[in-house]
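Visitor: Show me how to read the side-chain features here. Start with a single residue.

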Amino acid sequence: MRRITRITTVGIASAALALSATACGKSSNDSGSGSDSKAAKAAIAYDIGGRGDQSFNDAAYAGLKKAEDELDVKGAEAEPSAGEGDADKVQRLTSLARAGNNPVIGVGFAYAPAIKKVAEQFPDTTFGIIDDTSVTGKNVANLVFNEEQGSYLAGVAAAKASKSGTVGFIGGVEVPLIKKFEAGYVQGVKDTNPKAKVLTQYLTQPPNFDGFAKPDLGKAAAQGQLDKGADVIYAAAGLAGSGAIEAASKAGKWSIGVDSDQYNQAGLKAYKDSILTSVTKDVSDSVFNLIKSVKDGKPQTGEIRYGLATDGVGLADSNPKYKSMTDLIAAVDKAKKDIVDGKITVKTTP
């Protein structure tokens, strides 16, 4: 049985460590005796790419770390393994629940089948799943986001920043969730500049999920779009997106990050000046809020949606170059207001 690791530092783990870390047995803070056994405990099981992806998984970790710091919660983390199936996820979630963690949170829609099975076996444990509404239950919280709304704003920003009139979108894996990112982005670009050209490419097709995990795939795809004249590239591809950011930076073009504010990610420091903005999802607060609700004795269940109106999604403005683009910011602000006011309905499919 593989070991669950609990990492107490805030530093970014390398991608290699994230992919090789093991996952499914007992963590160092899962002792069944002593004071730790009475302490509140919470766990997250990472998606493909693991912690250190500088994107989706790292955002979930930030929520767990915040709960450790502010709620005196003992946190546990479980890493995925390459090429794993649903049985591996079932084993991982079962181990986390048996260790007394509550809630247990699956980071990503791939955990849906496993959570459906395990949640029924542990009715007194709250299970959270990020980016999925297909699995429901009295003890299941569905933490979901209006990714298409944030991506629309990214499309507005891309159209305004582009000098060539050609921009790119790279999706990690062609699944309905990532199609939402594409739909919002393309709509935002076209509403801002109807003459703009949007190049779209997906890295892999399910059941191959390497498109969320391998930076070389993102780098090659971005290079192909750069060669075709794209000067702004938005990648919704997890760890693979870091390759697209690298390619755009080396070409002197803009990239748009995803999920976390990638301008501030330590692992992308060398390329930060080329990261125009990032489409953020408040995964961190969604994890923290669920942990807090359980500790408070009022666990969240059912669909908990984070949208533009509540800043559950949005655009990061950390790059000073972005802040200096007054026309771009004005266009983004207007688009945000129009979406919140219902004047713009953002598509969820291309």
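Visitor: Is tyrosine 234 buried or exposed?

Guide: Accessibility is read as a percentage: buried means under 20% relative accessible area, exposed over 50%, and partly exposed in between (1.4 Å probe, protein chains only). Tyrosine 234 comes out at 0%, so it counts as buried.

Visitor: What sort of model is this, and which atoms count?

Guide: This is a predicted model, with residues numbered from 1 along each chain as its sequence is written. Local features need pLDDT of at least 70, side-chain atom pairs need pLDDT 80 or more, totals for chains, interfaces and linings use all residues, and side-chain values use heavy atoms, without hydrogens and water.

Visitor: How do I read an aromatic pair, and how many are there?

Guide: A pair of rings is described by the distance of the centres and the angle of the planes. The rings of Phe, Tyr and Trp (its six-membered ring) pair if their centres lie within 6.5 Å; planes under 30 degrees apart are stacked, over 60 edge-to-face, the rest tilted. This structure holds 7 aromatic pairs. Take phenylalanine 145 and tyrosine 306: their centres are 5.3 Å apart and their planes meet at 25°, so the pair is stacked.

Visitor: Which elements does that pair connect?

Guide: Elements are DSSP runs numbered from the N terminus: helices (H or I) of at least four residues, strands (E) of at least two. Phenylalanine 145 belongs to strand S5 (residues 140-145) and tyrosine 306 to strand S11 (residues 302-306), so the pair ties together parts 161 residues apart in sequence. Phenylalanine 145 is buried at 0%, and tyrosine 306 is buried at 10%.

Visitor: And what geometry does tyrosine 234 have with tyrosine 185?

Guide: Their pair is tilted, with 5.0 Å between centres and 55° between planes. It joins distant parts of the chain: tyrosine 185 sits in helix H6 (residues 176-192), tyrosine 234 in strand S8 (residues 232-236), 49 residues apart. Tyrosine 185 is buried too, at 0%.

Visitor: Where do charges sit over rings?

Guide: The test is NZ of Lys or CZ of Arg within 6 Å of the ring centre and within 35 degrees of the ring normal. The charged end of arginine 51 is over the ring of tyrosine 61, 3.6 Å from its centre. Lysine 89 lies over the face of tyrosine 111, at 5.7 Å from the ring centre.

Visitor: How many salt bridges are there?

Guide: The rule asks for a side-chain nitrogen of Lys or Arg within 4 Å of a carboxyl oxygen of Asp or Glu. That gives 19 salt bridges. One of them pairs lysine 281 with glutamate 147, with the closest N and O atoms 3.0 Å apart. Lysine 281 lies in strand S10 (residues 275-281) and glutamate 147 in helix H5 (residues 147-161), so this bridge ties together parts 134 residues apart in sequence. Lysine 281 is buried at 5%, and glutamate 147 is buried at 1%.

Visitor: What does a bridge within a helix look like?

Guide: Take aspartate 338 and lysine 334, which meet at 2.8 Å, N to O. They are 4 residues apart in helix H11 (residues 326-340), so about one helical turn separates them. Aspartate 338 is buried at 11%, whereas lysine 334 is exposed at 54%. Elsewhere, bridges with shared partners join Asp131, Glu147, Glu148, Lys180 and Lys281 into one network.

Visitor: Which residues of helix H7 are buried?

Guide: Length comes before faces: the expected span is 1.5 Å times one less than the number of residues. H7 (residues 215-227) has 13 residues and reaches 18 Å between its end C-alpha atoms, close to the 18 Å expected. Its buried residues are Gly218, Ala221, Ala222, Gln225 and Leu226. The face turned away carries the exposed Asp216, Ala220 and Asp227.

Visitor: What does the buried side of H7 pack against?

Guide: Contact means heavy atoms within 4.5 Å. The buried residues pack against strand S6 (166-173), strand S7 (197-204), S8 and helix H8 (241-250). Glycine 229, with a positive phi near 105°, follows H7.

Visitor: How many residues of H6 are buried?

Guide: In H6, 12 of the 17 residues are buried, so the helix is largely enclosed by the rest of the structure. Among them are Lys179, Lys180, Glu182 and Tyr185.
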